[in-house]
Amino acid sequence: MNLYFNIAIHVLTFLLKHAGEQFTSEALAELICVNPVQLRNVMRELVAAGYVSSKKGKAGGYAVSESLGGLPLSELFDLFRQTPLDVRVITGRPDSHCEIARNIGDYLAELDAEEHELLKQFYATRTLQDVLASIEAKEQMNETV
């Protein structure tokens, strides 16, 4: 998991519960307990992917339709997959004099790809509606106690 994937699940679940309503990025950031810049980065991707509509202006904000409830989490997992850009996460170098260092990167990249596919299969069995239903059931249990 990574932060943007978590923010995406959180914001989409919230917007799904409030389908038909619009929320500003500032309001969503406060409700989701994240920095507004982080939220806007996630929302930019969600809008570009067509999961969220965005309306600019004084009466603007972000919204989703109820039909988004069937969205499998695997699609969000793929959308927010972190690929190392500046951060070195695989050790070794192809030009090393060490046999292990020359080849470990390819092996670790294969493991990463396999891990990603397994997680994608895991998330494919869960939807945003499942997240919302689970949260609402938990809240209902808390209210009856």
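Mentor: This is a predicted model, and we may start with a point of backbone geometry. Just after helix α2, C33 takes a positive phi of about 70 degrees.

Trainee: Where is the place of C33, and is C33 buried or exposed?

Mentor: C33 is not a glycine, yet its phi is positive, near 70 degrees. C33 sits in the loop between α2 and α3. Its relative accessible area is 68%, over the 50% cut-off, and C33 is therefore exposed.

Trainee: Which residues of helix α2 are buried, and how wide an arc do they cover around the axis?

Mentor: In α2, which spans residues 25-32, the buried residues are S25, L28, A29 and I32. They lie on the same side of α2, because the arc they cover around the axis is only 100 degrees.

Trainee: Why might such a spacing in sequence place residues on one side of a helix?

Mentor: An α-helix has 3.6 residues a turn. Residues three or four places apart therefore point the same way.

Trainee: What covers the buried residues of α2?

Mentor: The residues concerned are S25, L28, A29 and I32. Their cover includes the helices α1 and α3 and the strand β2 (61-63).

Trainee: Turning to α1, is F5 buried or exposed, and which residues does F5 touch?

Mentor: F5 belongs to helix α1. Its relative accessibility is 0%, so F5 counts as buried. The C-alpha atoms of F5 and V42 are 8.3 Å apart, although 37 residues separate them along the chain. Leaving aside residues up to four places away in sequence, F5 touches L73, L76, F77, F80 and Y123.

Trainee: Is A48 buried or exposed?

Mentor: A48 lies in helix α3, which covers residues 36-48. The C-alpha atoms of A48 and Q82, 34 residues apart along the chain, are separated by 17 Å. With a relative accessible area of 68%, A48 is exposed.

Trainee: At what angle do the axes of α1 and α6 cross, and how is that arrangement described?

Mentor: Helix α1 covers residues 3-17 and helix α6 residues 128-144, and their axes come within 9 Å. The crossing angle is roughly 75 degrees. That makes α1 roughly perpendicular to α6.

Trainee: Which residues meet in that contact, and how many of them are nonpolar?

Mentor: On the α1 side the residues are I9, L12, T13, L16 and K17. On the α6 side they are L128, Q129, V131, L132, I135 and E136. By class, the contact has two polar and two charged residues, and the number of nonpolar residues is seven.

Trainee: Which pattern does the protein follow along the sequence?

Mentor: The secondary structure comprises six helices and two strands. Read along the sequence, the pattern is α-α-α-β-β-α-α-α.

Trainee: What is the radius of gyration of the protein?

Mentor: The C-alpha atoms fill a box of roughly 60 × 40 × 25 Å along the principal axes. For 145 residues the globule rule gives 15 Å, and the protein lies well over that, so it is more spread out than a compact globule. The radius of gyration is 19 Å.

Trainee: Among contacts between residues at least 6 apart in sequence, what share joins residues at least 24 apart?

Mentor: Buried residues make up 30% of the 145 residues. For the contacts you describe, the share joining residues at least 24 apart is 70%.

Definitions and conventions
Residues are numbered from 1 along each chain as its sequence is written. This is a predicted model: local features need pLDDT of at least 70, side-chain atom pairs count only at pLDDT 80 or more; totals for chains, interfaces and linings use all residues. Side-chain values use heavy atoms; hydrogens and water are left out. Axes are lines fitted to C-alpha atoms, for helices over the stretch in contact, and angles run from 0 to 180 degrees between N-to-C directions. Helices (H or I, at least four residues) and strands (E, at least two) are DSSP runs, numbered from the N terminus. Angles under 35 degrees count as roughly parallel, over 145 as roughly antiparallel, 65 to 115 as roughly perpendicular and the rest as oblique. Contact means heavy atoms within 4.5 Å. Ala, Val, Leu, Ile, Met, Phe, Trp, Tyr, Cys and Pro count as nonpolar, Asp, Glu, Lys and Arg as charged, and the others, Gly among them, as polar. Buried means under 20% relative accessible area, exposed over 50%, partly exposed in between (1.4 Å probe, protein chains only). The arc is that of the directions from the helix axis to the C-beta atoms. The radius of gyration is taken over C-alpha atoms; the globule rule is 2.2 Å times the number of residues to the power 0.38.
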